[in-house]
Amino acid sequence: MSRIIPFALLFLLLVQCNTARKDAVVNVYTHRHYDIDKEIFAKFTEETGIQVNVVSASADELIKKMELEGSRSPADVLITVDAGRLQRAREMGLLQSVQSEYLNKNIPSKFIDTDNQWFGLTYRARIIVYSLDRVDPSEIETYEGLTDEKWKGRVLVRSSDNIYNQSLMASMIVHKGEEQALQWAQGIVGNLAREPRGNDRDQVKAVVAGQGDLALVNTYYLGLMAQSEIEEEQKVYSQIGIIFPNQKDRGTHINLSGAGVAKYSPNKENAIRFIEFMASPEIQKVFAGSNHEYPVVKNIDWSEIVNSWGEFVEDEIKLELLGQYNRDAVMIFDKAGWK
């Protein structure tokens, strides 16, 4: 009998150890594709013992994957950019509400879904870039100013199927109503220097190339260009100026990257712990700084480039509204003929 008990205890210990190994994981579906993310995930594993399994793809692909997997999905956390996409995942029933005193205390409410189904991690501003040679920045202070007759044939912007433009339009609807939002879109179309194409970097390059004088761009693209390994991109950055629009009224439109716990997360507690880790001061500085974004947690140092742009007045609407008005934004773009 004295020999049987040790073997029984050993068996139980082995089972417990195997269970612990199996449960000590968090499966992260992420739209981001930066090397710094790998370092952050490795640090999370080092500090918690929880292994991070990563599935990387575009936001739309990840959302579709989760939808098809249904209740069998191994996903614990979804990380993606733009409140519109996070809200879409929420509306499709792919996320779940979670309770975290730490997240609710440290992340401003405008960056959190009403039901705690997603949490912002970083944010960026959508600003106006202008040619230093051909534009006096005192001539334009607002998004609405882009529709002025003097800018006819001088405005550059990417297509209306881009989520960043859709979210900007959604914010217009919230602040101005659908009629004025439509008028704004029509005004932009009337002032385009060329048919919308390319990404935000392409718009900046087109300004420097003289194809247009003003462009709508997300701030973090400028940071990446400023520190690009491609010398030409650094030169392009040095030839443009930036304007944070609407500083005298509602503030500059902002959007975010964020994370939510998957609806059928098999490792929910690990998932919450992972998102809390991403919102910790140390990680916020690295996570935001590496991509030249703004940390959602206050009193975190910005990257040197972001800091050089100075402080600005932010639009204070809850960012979940960007997703809620996404369909309306798309319809207005169609009506305006914004391709």
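## Nonpolar cores

In this predicted model, the largest nonpolar core has 77 residues. Val 26, Val 77, Phe 274 and Met 278 are the residues with the most contacts inside this core. Leaving aside residues up to four places away in sequence, Phe 274 touches Val 26, Val 28, Phe 41, Phe 44, Val 52, Val 77 and Ile 79.

## Strand β1

Strand β1 covers residues 25–30 and is mostly covered, with six of its six residues buried. In a regular strand, side chains alternate between the two faces of the sheet. In β1, Val 25, Asn 27 and Tyr 29 point one way, while Val 26, Val 28 and Thr 30 point the other way. The residues on both sides are buried. Two of these residues, Val 26 and Val 28, are also among those that Phe 274 touches.

Strand β2 (residues 51–56) pairs with β1 in the parallel sense over six bridges. Within β2, Gln 51 is the bridge partner of Val 25. Between these two strands the chain passes through helix α2 (residues 35–48), and this β-α-β crossover is right-handed.

β1 also pairs with strand β3 (residues 77–81), in the parallel sense and over three bridges. Here Tyr 29 stands opposite Leu 78 in β3. Val 77, listed among the residues with the most contacts inside the largest core, lies within the residue range of β3.

Note on methods. Residues numbered from 1 in each chain as written. Predicted model: local features only at pLDDT ≥ 70, side-chain atom pairs only at ≥ 80, totals over all residues. Heavy atoms only, no water. Core = buried A, V, L, I, M, F, W, Y, C linked by side-chain atoms within 4.5 Å. Buried < 20%, exposed > 50% of the residue type's maximum accessible area, 1.4 Å probe, protein only. Contact = heavy atoms within 4.5 Å. Helix = DSSP H or I, 4+ residues; strand = E, 2+ residues; numbered from the N terminus. Pairing = 2+ DSSP bridges. Right-handed = clockwise from strand over helix to strand, strands pointing away.
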